[in-house]
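Please look over the two-chain model below.

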Amino acid sequence: MTITPEEVRVTAELARLALSDEEVARMTRELGAILGAMERLAAVDVEGVAPMTHAVALDCPEREDVVGPQLGAERALAGAPRRSGQFFEVPRVIAHDKEG
Amino acid sequence: MPGETHFLSATEIAHAVGGRALSAVEVAQAHLARIAREDGALGCWLRVDEAGALAQAEAVDRAVARGDHLPLAGVPVGLKDLFVTEGLETTAGSRILAGWIPPYDGTAVARLRRAGAVILGKLNMDEFAMGSSNENSAYGPVHNPWDPTRVPGGSSGGSAAAVAAGLCALSLGTDTGGSIRQPASLCGVVGIKPTYGRVSRHGVIAFASSLDQVGPLGRTALDCALALEALAGHDPLDATSIDAPVPRYTDACREPVEGLRVGVPESFFCAAGLDAQVGALVRAAIGKLESLGARVVPIELPNAEHSLATYYLIAPAECSSNLARYDGVRYGLRVPSGDLGQMYKATRAAGFGPEVKRRIMLGTYALRTGYYDAYYLRAQKVRALIKRDFDRAFEACDVIATPTSPVAAWQLGERTIEGCGDPLAMYLADIYTISCNLAGLPGLSVPCGFVDGKLPVGLQLLGPPLGEANVLRVAAGYQRATDWHTRHPASTVGGAA
């Protein structure tokens with residue numbers, strides 16, 4: 001299976017990565033080579049094998065439903081690139097292109 | 001010579017500081033001075049916390065004077081920059097976290113401090129632990145102390161090189177596909193990746209959550225055992241943490257190797273990329289174990305050959321999800337650019353390096369609708385087959401012995417995409433270490449000789465789940481019978497090391 005530049009662009013969109021045209025070309029080449037090497041897995045007989053999601057059997061542990069020690073808002077916000085009061089501040093979510 | 005503490009073992013330092021023959025402050029000062037002198041040519045440290053280290057050392061000396069027993073009293077430790085440290089910048093080797101000051105210590109760091117260790121600072125690494133040579137760090141490569149024109153391995157390259165060069169007695173690394181064992185091998189030190197879940201990952205920046213595990217690097221297996229006793233154990237803050245008693249690993253190190261069954265997968269020695277000298281040294285090490293009374297048994301791991309392909313689907317898939325959190329909102333870099341979606345994309349484009357972007361893309365692609373079954377789901381099924389092979393093999397043996405890395409340290413630039421054009425060349429450095437992570441097993445690398453008499457080689461020992469004690473026991477027995485670990489690289493500034 002090879003990967004096309006168009007698939008690279010769609011994948012980059014899903015991964016929230018801005019890629020230049022030059023990066024798209026390079027990524028197409030490199031991901032193609034890596035995925036080519038993964039093709040060998042298609043030949044492995046996995047009939048009836050259950051997928052393994054974790055190395056150890058996990059039973060989701062439950063804890064008491066009580067509030068434990070917390071960071072607090074000030075410390076949690078201390079690394080924020082921008083804040084507004086007790087909130088993380090972000091640019092507008094929807095561009096106002098419908099106003100015009 | 002007074003003040004020459006830098007090649008003392010952690011066990012010796014803890015004993016001397018605990019017995020007040022040495023003070024934690026003088027040990028810390030000696031190591032800080034040595035870092036200042038030696039690290040310019042090596043690049044192991046991203047930041048040294050001199051004030052914090054000396055304050056901790058003073059607290060240790062006071063505690064010892066009060067009569068407290070601290071198992072790691074005054075032991076100078078370096079942390080891979082993947083461990084979050086309260087008040088001390090933590091970057092994961094990435095530009096996207098430059099300047100980030102975490103508001104808390106992770107569990108492993110807190111446990112080391114509680115045991116009396118003195119944290120000297122943060123160590124260089126491949127960005128987000130993705131790499132096998134430390135060349136993917138946004139802050140420059142680490143140089144191998146045995147030959148500064150060569151790589152130290154990765155991704156815990158700074159952790160291995162700093163221990164090898166006597167800049168700290170112990171370090172912490174993380175191992176997702178070999179990132180403790182492979183640099184330990186290339187730098188001539190011991191490194192152990194415990195069973196998945198044995199050490200808490202709370203406060204460790206995540207790469208691939210079904211594979212990541214924390215472990216110590218030191219110059220002896222006994223030192224690693226001492227550290228692991230402090231690190232291991234259940235932690236309610238990590239849902240994958242195993243709730244099982246922690247054995248006395250240091251006691252296990254003193255037991256003889258005699259009578260243990262050492263499994264050897266012959267196919268590992270027929271791999272195309274295995275350097276002939278590395279293969280011969282590892283075979284000689286297995287012969288040494290036999291001479292110590294171990295019994296060598298042939299085993300088969302037929303699906304191990306699929307490990308690399310399996311890993312490079314599963315790890316990128318998990319990383320694409322874990323690294324979604326770096327979006328310029330809550331911490332780290334933000335590149336202002338139009339609306340929220342544009343800000344995300346611009347921030348991540350500027351903040352991540354090329355290998356991290358490659359893996360995010362690979363993982364996102366493998367998880368996409370239409371590709372999920374063919375790639376990610378199939379890889380998880382092959383992973384189950386790899387695990388099944390190990391379950392069967394451990395019915396016939398107690399530990400498995402293999403090479404850690406197919407080659408000794410290579411030249412800086414030799415395997416990078418920029419250097420050789422092949423995106424797979426670097427990945428092949430991990431062929432022997434990856435299956436252990438996929439199966440969740442404990443694995444260790446111990447020095448077993450030198451290629452051309454100058455570049456270290458490691459013997460890898462693998463155990464069944466929670467089989468750390470036997471793995472450490474074999475490594476410690478091997479080190480009692482050999483002297484590879486007593487050799488040290490020359491000083492980077494001339495003169496004796």
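How much area do chain A and chain B bury between them? They bury about 5,100 Å², 71% of it on carbon and sulfur atoms. Buried area is the accessible area (1.4 Å probe) that two parts lose on being put together, summed over both. The model is predicted: local features need pLDDT of at least 70, side-chain atom pairs count only at pLDDT 80 or more, and totals for chains, interfaces and linings use all residues. Residues are numbered from 1 along each chain as its sequence is written, chains are lettered from A and ligands numbered from 1 in the order written, and side-chain values use heavy atoms, without hydrogens and water.

**Interface**
- Leu17(A), Leu41(A) and Met52(A) supply 13% of the area that chain A buries against chain B, more than any other three residues.
- In contact (heavy atoms within 4.5 Å) are 54 residues of chain A and 59 residues of chain B.
- Between the chains, 21 residue pairs are in polar contact, both at pLDDT 80 or more. A polar contact is a pair of N or O atoms within 3.5 Å; within protein, one must be able to donate a hydrogen and the other to accept it, and residues adjacent in sequence count only if both atoms are side-chain atoms.
- H2(A) gives the largest share of the side of chain A that touches chain B, nine residues. Helices (H or I, at least four residues) and strands (E, at least two) are DSSP runs, numbered from the N terminus.

**Salt bridges**
- The rule is a side-chain nitrogen of Lys or Arg within 4 Å of a carboxyl oxygen of Asp or Glu. It finds 27 salt bridges over all chains, and five across the interface of chain A and chain B.
- Lys345(B) pairs with Glu13(A), with the closest N and O atoms 2.8 Å apart.
- Arg40(A) and Glu305(B) form a salt bridge at 3.0 Å, N to O. Arg40(A) lies in the loop between H2 and H3 of chain A and Glu305(B) in the loop between S8 and H10 of chain B, so the pair joins two chains.
- Arg26(A) and Glu30(A) meet at 3.9 Å, N to O. They are four residues apart in helix H2 of chain A, about one helical turn.
- A salt-bridge network links Glu22(A), Arg26(A), Glu30(A), Glu355(B), Arg358(B) and Arg359(B).

**Gln460(B)**
- Gln460(B) sits in strand S11 (residues 455-462) of chain B.
- Gln460(B) is buried, at 0% relative accessible area. Buried means under 20%, exposed over 50%, partly exposed in between (1.4 Å probe, protein chains only).
- The side chain of Gln460(B) reaches the backbone oxygen of Tyr432(B) at 2.8 Å.
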